[in-house]
Amino acid sequence: MLKHNAISLAPLSPCKTSSKSPKMQTNAFQIMVPKPMIPSMINPPAVHRPPSSTPLLKPPRAISISTPNGGTTPTTTVSPLDVVDDSVTAFWDYQFLFVSQRSETTEPVTLRAVEGAVPPEFPSGTYYLTGPGIFSDDHGSTVHPLDGHGYLRAFSFGKTNGDEVKVEFMAKYVKTEAQVEEHDPVTGTWRFTHRGPFSVLKGGKKVGNTKVMKNVANTSVLSWGGKLLCLWEGGDPYEIEPETLDTVGKVKLMAGCDTAVETGGGGGGVWDVAARLLKPILYGVFEMPPKRLLSHYKLDSSRNRLLMVSCNAEDMLLPRSHFIFYEYDSSFTEVAKQEFTIPDHLMIHDWAFTNTHYILFANRIKLDVVGAMTAVCGTTPMITALSVNPSKDTSPIYLLPRFPDKVNHNRDWRVPIEAPSQFWLLHVCNAYENLDENGNSEIQIHGPACSYEWFNFQKLFGYDWQSGKLDPSVMNITGSKSLPHLVKVSINLDANGNCQRCDAEPLNEWNKSSDFPVINPAFSGTKNKYIYAAASSGSRSALPSFPFDMVVKLNVSTKSVHTWFVGSRRFIGEPTFIAKGSEEDDGYILVVEYAVAVQRCYLVILDSKKIGAADALVARLELPKHLNLPLGFHGFWASDE
């Protein structure tokens with residue numbers, strides 16, 4: 001049994017803001033640090049590794065934060081000078097990923113290559129990456145990483161004189177309604193007033209606080225139809241000016257899409273009655289938007305369409321779910337819309353599509369009555385009103401007709417396909433469908449899944465809302481089947497739409513913890529060969545599964561696996577693929593490196609064809625230390641061509 005001491009950690013580097021800095025100290029999350037223990041010896045996988053960084057036997061330095069007058073104020077309450085193993089260092093390393101960044105750029109910052117160089121043939125464009133930027137205010141409150149205000153980063157690639165490619169960096173907060181209310185641009189101080197779905201305020205109004213749906217626009221970013229959008233899981237996206245990253249305002253993509261379900265008409269069943277009773281409370285008291293646009297979208301490259309999906313606010317409390325799928329052309333004009341009501345209580349974060357179907361994996365949830373009562377009162381986060389529902393040992397998959405007028409069978413889409421094993425789907429990499437001459441079809445879906453045990457609503461990222469502390473051990477439970485890992489789901493349908501086979505298995509027999517899979521976007525919705533994802537080498541005893549420290553490349557045709565390892569005490573986020581040629585894997589991988597060992601962040605460029613080889617690294621570009629980044633979520637490559 002580990003005994004824990006609470007340590008309060010401040011940001012690892014000075015933090016200069018573009019506005020007037022507050023004359024007070026900024027506190028980061030607290031974390032749970034175990035007393036020193038001897039880690040077990042783990043043999044690292046056979047992958048390409050760069051030279052080792054700072055030896056683990058060297059104890060980390062005390063962490064401090066810059067004050068307005070340039071001095072430093074120590075904030076640690078326990079000295080780690082007697083640490084001689086990885087157990088404590090790992091906890092400090094994890095904290096680095098969630099240190100608030102209050103700085104914003106007013107002008108582009110040119111990045112310097114500290115290793116390699118950007119090749120002259122690198123495509124011109126901008127890599128956008130979003131994620132939370134701040135986790136604690138100046139009045140004692142902390143928030144869950146999922147409730148942190150959106151902080152948009154932009155890495156722009158452009159030619160200068162000759163063949164030299166210049167990379168410029170910018171970063172700004174998305175000025176959502178909540179951000180404008182909680183941040184004082186004159187003093188630079190923050191006071192959290194919105195609870196958010198995953199947090200409870202300590203220094204603000206707690207009991208009776210109805211500001212629940214805190215749209216922080218921090219989850220994903222999209223450039224489409226001349227608009228740059230930052231999205232969140234529970235509301236309208238915000239439009240951003242691409243050159244300056246200034247916020248234009250909220251975009252009402254679902255305006256004019258009211259249905260009978262929303263307005264209170266339609267069926268008279270028990271759940272319809274319950275929905276009509278809930279709407280005045282959710283829409284009025286808690287000011288929830290009637291529809292929640294999911295943060296994950298899809299690009300159908302063959303039709304040049306953007307696909308998005310929404311659900312109703314009351315769906316999270318009822319055992320039925322109402323989804324609307326929207327399709328937009330390249331000018332952001334809606335060209336198709338399909339509505340489906342599914343008789344099940346689901347939580348959908350990501351989804352898939354093929355030429356003929358929208359695909360939903362039924363992550364089952366249920367209402368927690370006690371949690372709902374305390375959540376409504378404001379003493380617990382709103383998410384405590386829900387819990388996972390592992391009552392069935394199968395995983396339902398809904399195949400919804402994308403073009404109903406072209407369906408030539410009478411299969412009832414309300415009846416799910418049952419995968420024979422239970423898992424919680426986190427993200428979808430790709431899905432595609434093959435049709436033979438007899439009308440039989442095979443559908444394949446690739447993505448990361450985990451166990452219901454691992455997906456703990458209240459402790460995602462190891463955040464404890466009661467103490468405001470981070471404990472990475474929550475993300476590193478034992479058991480490879482529990483942790484996020486890449487799976488392949490295969491479904492065979494006959495010409496009448498009847499399921500003949502459905503199974504799920506590890507993709508390429510790769511069992512290491514993995515997430516954030518991507519492909520060459522030109523192959524989205526069609527058969528692809530290569531998948532790239534963030535993965536863990538498992539080489540650290542205290543952080544064996546998360547955060548990730550490898551980029552893995554899987555060839556689903558040959559079943560081969562190749563990896564690139566970022567280095568000791570260094571982590572990565574989601575990789576992004578940038579195509580440069582006609583072959584599927586001819587391109588580059590962009591990924592942000594969080595180098596805890598030296599307390600710096602880098603933008604890494606890899607040759608996607610050479611992952612697994614010693615020369616896979618193309619360039620590593622260094623960010624200024626005062627612009628170190630918290631862990632990002634999802635990114636997007638916007639080509640200038």
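**Strands, hairpins and backbone**

Reply: Let's start with an open sheet of five strands, ordered E5-E9-E8-E7-E41, with antiparallel pairing. The edges belong to strand E5 (109-110) and strand E41 (635-639); each has a single partner strand, so one side of each is left without a neighbour in the sheet. Strands here are DSSP runs of E with at least two residues, helices are runs of H or I with at least four, and both are numbered from the N terminus. Two strands count as paired if DSSP finds at least two bridges between them.

Some ground rules: this is a predicted model, where local features need pLDDT of at least 70 and side-chain atom pairs count only at pLDDT 80 or more, while totals for chains, interfaces and linings use all residues. Residues are numbered from 1 along each chain as its sequence is written, and side-chain values use heavy atoms, leaving out hydrogens and water.

Inside that sheet, strand E8 (residues 151-159) runs antiparallel to strand E9 (residues 165-173), and nine bridges join them.

Now for the hairpins, which share strand E11. Strand E10 (residues 220-224) pairs with E11 in the antiparallel sense over five bridges, and Ser-220 stands opposite Leu-231 in E11. Two residues sit between E10 and E11 in this hairpin, and Gly-225 in the turn has a positive phi of about 60 degrees. On to E12: E11 and strand E12 (residues 238-240) also pair in the antiparallel sense, over three bridges, with Leu-229 opposite Glu-239 in E12. That hairpin has six residues between E11 and E12.

How enclosed is E11 (residues 227-231)? Four of its five residues are buried, so E11 is largely enclosed by the rest of the structure. Buried means under 20% relative accessible area, exposed means over 50%, and partly exposed is in between (1.4 Å probe, protein chains only). For a helical counterpart, look at helix H1 (residues 86-96): eleven of its eleven residues are buried, so H1 is largely enclosed by the rest of the structure too. Among the buried residues of H1 are Phe-91, Trp-92, Tyr-94 and Phe-96.

Most residues other than glycine have a negative phi, and most peptide bonds are trans. Ala-217 is placed in the loop between helix H2 (177-182) and E10, and is buried at a relative accessible area of 0%. Leu-245, not a glycine either, has a positive phi of about 65 degrees. This leucine lies in the loop between E12 and strand E13 (247-250), buried with a relative accessible area of 3%. Elsewhere, the peptide bond from Phe-546 to Pro-547 is cis, with omega near 5 degrees; Pro-547 is in the loop between strand E33 (530-535) and strand E34 (550-555).

Finally, confidence. Mean pLDDT (the predictor's confidence in each residue, from 0 to 100) is 83 for the protein, and 81% of its residues reach 70 or more. Over residues 256-266 pLDDT stays under 50, and the model has 26 contacts beyond four places in sequence for them. A contact means heavy atoms within 4.5 Å. Residues 30-85 also stay under 50 in pLDDT, with 131 contacts beyond four places in sequence in the model.
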